[in-house]
2 protein chains.
Amino acid sequence: MQVSSRFSIGVHILSLLGAYPDAENTSEYMAGSIGANPVVVRNVTGMLRRAGLVATQQGVAGTRLVKPLEEITLRDVYGAVRAVEDGNLFGFHPNPHPNCLVGGNIEATLEREFTAAQAAMENRLAQTTLQEVVRKLREAASGRPPGDSTHC
Amino acid sequence: MQVSSRFSIGVHILSLLGAYPDAENTSEYMAGSIGANPVVVRNVTGMLRRAGLVATQQGVAGTRLVKPLEEITLRDVYGAVRAVEDGNLFGFHPNPHPNCLVGGNIEATLEREFTAAQAAMENRLAQTTLQEVVRKLREAASGRPPGDSTHC
DNA sequence: ACTTATTGTAACTATTATTGTTACAATCGG
DNA sequence: CCGATTGTAACAATAATAGTTACAATAAGT
């Protein structure tokens, strides 16, 4: 099992919007940078829009940021794209025997542990803003052959 | 997406072994407590065996612990049952455009963030031993109607 | 030996989530 | 009014999970 790549696609979209705020950034265009289908990009963009991170308008080309990148963390994107179903990272076997020391109490006991582990992961994501991501992208690009920095 | 319930099943199995070390604990029996098919139990038990946590013998009824529960953490079980494919919790969109500030650098940049977040989660799991889990199961059972503590 | 029970494993099915794709209505700009 | 774009539904392909049946391998008890 893996967290859906909608998460990385969402980060990619927001990074494009932040790095190239004056570009048109249509779904077709961003799909070329992401390497995915434009419909997938529109779907993820819709999730970011419903989370209040970007704005779009039907019939008008492009997506634009609503909040500055320093106010958006990886945790926000993760939540926006529903990277994890129902917010529960850990699955649970559904029919433990209730009349049993183990079966009757394991769900409540493990749920606390699972919640704590998931929170640790999400708190780490909350420590990185999209602004830092774009800064690191620029740092990485500076150590590479020229031409990489073109809006593509 | 969700971590496979093999994880919670693995914890359930080890908890039964720890709570009832003198019982026979056949796959059929444990399947009754877990509420799953005996073959699923044997498959998860096989993963725990290959991780060096339990021992079984073909033809001989029962599974037994190899290590004491205080030396087994939730992280060990999580790793044993391959709760996460290839060790990579976060999926990534596979074809970003390489000739692009964002597309050419996002994978390496995000990988560090994803690795850190995943490590935070796994480190939290490593803080809880199976002995603690069994202790909490007993605590939870003590606040319940009698009969719950029977080996079932 | 022979019978019986259990483990280990393969094979198949059903279900679900993800991703890509086509199609089309709704909307806006020129 | 035309053309382009977004929003969304519908469908297919793929993959992972979980349940189930089946059976070989192995060991214990008689």
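Analyst: Happy to. A:Leu110 is buried because 22 other C-beta atoms lie within 10 Å; here buried means 20 or more other C-beta atoms within 10 Å of a residue's own, exposed means 12 or fewer, partly exposed is in between, and C-beta atoms are placed from the backbone. This is a predicted model, in which local features need pLDDT of at least 70 and side-chain atom pairs count only at pLDDT 80 or more, while totals for chains, interfaces and linings use all residues. Residues are numbered from 1 along each chain as its sequence is written, and chains are lettered from A and ligands numbered from 1 in the order in which they are written.

A:Leu110 sits in helix 5 (residues 106-125) of chain A; helices (H or I, at least four residues) and strands (E, at least two) are DSSP runs, numbered from the N terminus. Leaving out residues up to four places away in sequence, A:Leu110 touches B:Ser8 and B:Val11, where a contact means C-beta atoms, placed from the backbone, within 7 Å. Within its own chain, A:Leu16 is 94 residues away in sequence, and the two C-alpha atoms are separated by 40 Å.

That takes us to the contact between the chains, with 60 residues from chain B and 60 residues from chain A. On the chain B side, helix 1 (6-19), helix 2 (27-34), helix 5 (106-125) and helix 6 (130-142) each give two or more residues. Helix 5 of chain B gives the most, with 12 residues. By class, this side of chain B has 31 nonpolar, 23 polar and six charged residues; Ala, Val, Leu, Ile, Met, Phe, Trp, Tyr, Cys and Pro count as nonpolar, Asp, Glu, Lys and Arg as charged, and the others, Gly among them, as polar.

What about the nonpolar interior? The largest nonpolar core has 83 residues, and those with the most contacts inside it are A:Ile13, A:Leu14, A:Val77, B:Ile13, B:Leu14 and B:Val77. Such a core is a set of buried Ala, Val, Leu, Ile, Met, Phe, Trp, Tyr and Cys residues joined through C-beta atoms within 7 Å. Neighbours within four places aside, B:Ile13 is in contact with B:Met30, B:Val41, B:Val44, B:Thr45 and B:Leu48.

Stepping back to chain A as a whole, there are six helices and two strands, in the order α-α-α-β-β-α-α-α from the N terminus. Of its 152 residues, 42% count as buried. Its C-alpha atoms fill a box of roughly 65 × 40 × 25 Å along the principal axes.

The two strands of chain A, strand 1 (residues 54-57) and strand 2, pair in the antiparallel sense over four bridges; pairing requires at least two DSSP bridges. A:Val54 stands opposite A:Leu65 in strand 2. Two residues lie between the strands of this hairpin, where A:Gly59 takes a positive phi near 90°.

Around DNA strand D, the nearest of 28 residues are A:Thr26, A:Thr56, B:Ser5, B:Val39 and B:Gly59. There, helix 3 of chain A gives the most, with six residues.

Conventions. Near = placed C-beta within 6 Å. Contact = placed C-beta atoms within 7 Å.
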